[in-house]
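Dear colleague,

Please find the structure below, handed over for your own work. The findings follow directly after it.

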Amino acid sequence: EFYKDWWNASSVGEYWRLWNMPVHKWLLRHVYFPAMRMGCSKWHAMILVFAVSAFFHELLLGVPLQMVRFWAFSGIMLQLPLIIISEKINRKLKSDQ
């Protein structure tokens with residue numbers, strides 16, 4: 001299974017959990033869970049996962065194109081504030097119902 005129904009995601013965080021399942025599972029298994037076992041908080045483990053993903057996006061895009069300018073890295077890392085904002089909006093909308 002390459003992806004789940006990401007088009008029905010109600011938040012940015014949910015979108016990333018549903019998109020590209022092989023990469024998601026690899027990052028969980030090799031980055032997130034080991035970070036949690038080492039005592040990292042969920043938030044710090046998530047930042048680490050996004051940093052690793054951002055690094056590989058920059059590597060896979062920037063190096064072959066000879067354009068390492070950290071645009072891919074920045075684009076991935078800027079998803080973290082969007083996750084926080086969309087989660088807060090979802091909580092607010094659910095509490096208003």
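A residue is called buried when its relative accessible area is under 20%, exposed when it is over 50%, and partly exposed in between, with a 1.4 Å probe and protein chains only. Because its relative accessibility is 13%, Ser-86 counts as buried.

The model is a predicted one: local features need pLDDT of at least 70, side-chain atom pairs count only at pLDDT 80 or more, and totals for chains, interfaces and linings use all residues. Residues are numbered from 1 along each chain as its sequence is written, and side-chain values use heavy atoms, with hydrogens and water left out.

Ser-86 belongs to helix H5, residues 79-96 (helices are DSSP runs of H or I with at least four residues, numbered from the N terminus). Beyond its neighbours within four places in sequence, Ser-86 is in contact (heavy atoms within 4.5 Å) with Ser-11, Val-12 and Gly-13. A polar atom of the Ser-86 side chain lies 3.1 Å from the backbone nitrogen of Val-12.

Turning to the pockets, the terms are as follows. On a 1 Å grid over the protein atoms alone, a pocket is an open set of points where a 1.4 Å probe fits, with protein on both sides within 12 Å along at least five of seven lines; lining residues have an atom within 4 Å of a point. Volume is the space filled by probe spheres set on the points, which are joined across faces, edges and corners.

The largest pocket has a volume of about 520 Å³. It is lined by 20 residues, of which Trp-16, Arg-17, His-24, Val-49 and Phe-50 are the closest to its centre. Two or more lining residues come from each of helix H1 (12-18), helix H2 (21-37), helix H3 (42-62) and H5. H3 gives the most, with 7 residues.

The second largest pocket holds about 150 Å³ of space. Its lining consists of Val-23, Trp-26, Leu-27, Ser-53, Phe-56, His-57 and Leu-60. H2 and H3 are the elements that give two or more residues to this lining, and H3 has the largest share, 4 residues.

Helix H2 also deserves a note. The helix bends by about 40° at Leu-28, the bend being the angle between axes fitted to the seven residues ending there and the seven starting there. Buried residues in H2 are Met-21, His-24, Leu-27, Val-31, Tyr-32 and Ala-35, and the buried residues of H2 pack against H1 and H3. Just after H2, Gly-39 takes a positive phi of about 105°.

With kind regards

Terms used. A polar contact is a pair of N or O atoms within 3.5 Å; within protein, one must be able to donate a hydrogen and the other to accept it, and residues adjacent in sequence count only if both atoms are side-chain atoms.
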